[in-house]
Amino acid sequence: MSATALKLTTVEAGYDRLRVLKGISLSVPDGKTVGIVGPNGHGKSTLLRVISGLVPLWSGQIFLSGVAIHNLPAHQRVALGLVQIPQGDMVFADMSVEENLRLGAILAPDEDEIANRLELVFNMFPRLLERREQVARTLSGGERRMLGIGRGLMTSGQILLIDEPSLGLAPKLIDQVYEALHDLRRITPTLIVVEENPERLQEIADYVYVIDDGEFVWNGTPASLRENADLLRTYLGA
Amino acid sequence: MDIFLQIVISGLTVGAMYAAGTIALSLLWSSMGMLNLANGAFIAIGGYAAYWCMTVLHASWIFALPVAAVAGLISGYLFYHLLVRWMYRQADFQINIIIATVAVAALIENGILNTAGPEAVRQPFQVAGGLPIAGVILPYQTLVTIAIVLALLIIILWVLTRTRLGLMIRAVSQQKEAAQLMGINVSQAFGGAMMLAATIAAVSGVLVTANTQLFPGVGFDATLKALVICIIAGLGNIRASIFMAVALGLFEMTVQYVFGQRYGFPAMLALIILVLIIKPAGLFGKETVTRV
């Protein structure tokens, strides 16, 4: 077994007095992709937000490659290589595609490094190269999702947290996004991908966790999830 | 024709000064959702810094603006780190900061009152002479004022669009959470915006006082007018506020010429009430400006 990239021990968190995460423990090995599935409103996004530091932790611990990070502010976690690609259209709408991508590399040491990463992203998403000067708000939904992923890639993080990459997209676009995620795995192999629907996740994940009401109720390989009809019916409505 | 030119020239001068005060307000609103009513205090600080530099240190007028700018920068830094950074994460920040900045404005104004005295003095930052064009004299003071404001605008736009700090400020103003997820320190971006705004206000303070007089409460009027302009233009829209500043400068001067000196400001206030009734988000504003 390889080293642990990210480890959570009995994490609890929520908003105001509402406890959303009720003791989550998770271990993501280096180079593996972990999928988290569950119905909406059961803590998937909150979990990623807690890991990223956008939502404060109530109790428990988070370790990134063995270093405790749960007391660090969000931007410092990014500097350590923990990067989230947020849900939906969280691109900088009034900036150009290139400015959006450059913001992903705001912590990059020099212009050469930024240029290298831009080339990498433009190779993966030729459409973004075509739209380089265009203001992000004028992109289509699929293009914006690509931009969000490209921007995450620009950070050159060690571990990427991806929040519902298929959300609100037409099936054909979902195919494109997942193709991009497969490419992404070659560059950043350690991923946590959150989805409401387990179907697409199974193609990419090495291991799947099912979350329900702020707790993991099952975990196993994608193959065993497919065979587990009861589980799929009970928690995922399939 | 002479009169028309006079109105245009004085309108452009006050418009240019309003523009400087307005971008300081607009920058903080668009990046932090912060209505900074202590803007006037920074205007006064700039005015007094230039005055101190030229009368106490007997320095050349060339140093007046840089000294005022540095005074503004330092005040902005202190203002951010002593007050704003402890408040901006709170839920009621947008309301609380208005009250807090009024308090800071009063503190600074009284501080100046107690050290420099209440007398209105002449700002020594003056350029004598003028350029005769088409039958009127275009004072060098006017040209210098407009040139400095133009330089300020160019510098601000350059900082916002071409520098790393500017990129950070714009990112935070558009998507605070996404900016954090890119590794941007929101506090650092806010601090930078605060220092930038205070520097602009302080430099504009030199210009405002040079065209009127210098006294502790000098910034109040300028801030009120900047606020009016910001609201009419649509809070947070920097380019529209520059345009509105010049337009309202011309409007005010025209009203003053036609109806008399004392009607200029009331006419502006009447205009803002009208705009707020007809277009609550301002002429160029977006309907949704609620930020959390």
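This is a predicted model: local features need pLDDT of at least 70, side-chain atom pairs count only at pLDDT 80 or more; totals for chains, interfaces and linings use all residues.
View 1. To find the residue, look in strand β2 of chain B, which covers residues 136-139.

**View 2. Contacts and separation of B:Val136 along chain B.** Once neighbours within four places in sequence are set aside, B:Val136 is in contact with B:Asp2, B:Leu5 and B:Gln6. For B:Ala198, 62 residues apart from B:Val136 along the chain, the C-alpha to C-alpha separation is 35 Å.

**View 3. The contact between chain B and chain A.** Here 21 residues come from chain A and 15 residues from chain B. On the chain B side, the elements giving two or more residues are α6 (164-174) and α7 (176-181). Helix α6(B) gives the most, with 6 residues. Sorted by class, this side of chain B has 7 nonpolar, 5 polar and 3 charged residues.

**View 4. Confidence in chain B and in the model as a whole.** Chain B has a mean pLDDT of 88, with 97% of its residues at 70 or more. Please take care with residues 288-292 of chain B, where pLDDT stays under 50. For this stretch the model has 3 contacts beyond four places in sequence. The model's scores are ipTM 0.89 and pTM 0.86.

Notes: Residues are numbered from 1 along each chain as its sequence is written. Chains are lettered from A and ligands numbered from 1 in the order in which they are written. Helices (H or I, at least four residues) and strands (E, at least two) are DSSP runs, numbered from the N terminus. Two residues are in contact if their C-beta atoms, placed from the backbone, lie within 7 Å. Ala, Val, Leu, Ile, Met, Phe, Trp, Tyr, Cys and Pro count as nonpolar, Asp, Glu, Lys and Arg as charged, and the others, Gly among them, as polar. pLDDT is the predictor's confidence in each residue, from 0 to 100.
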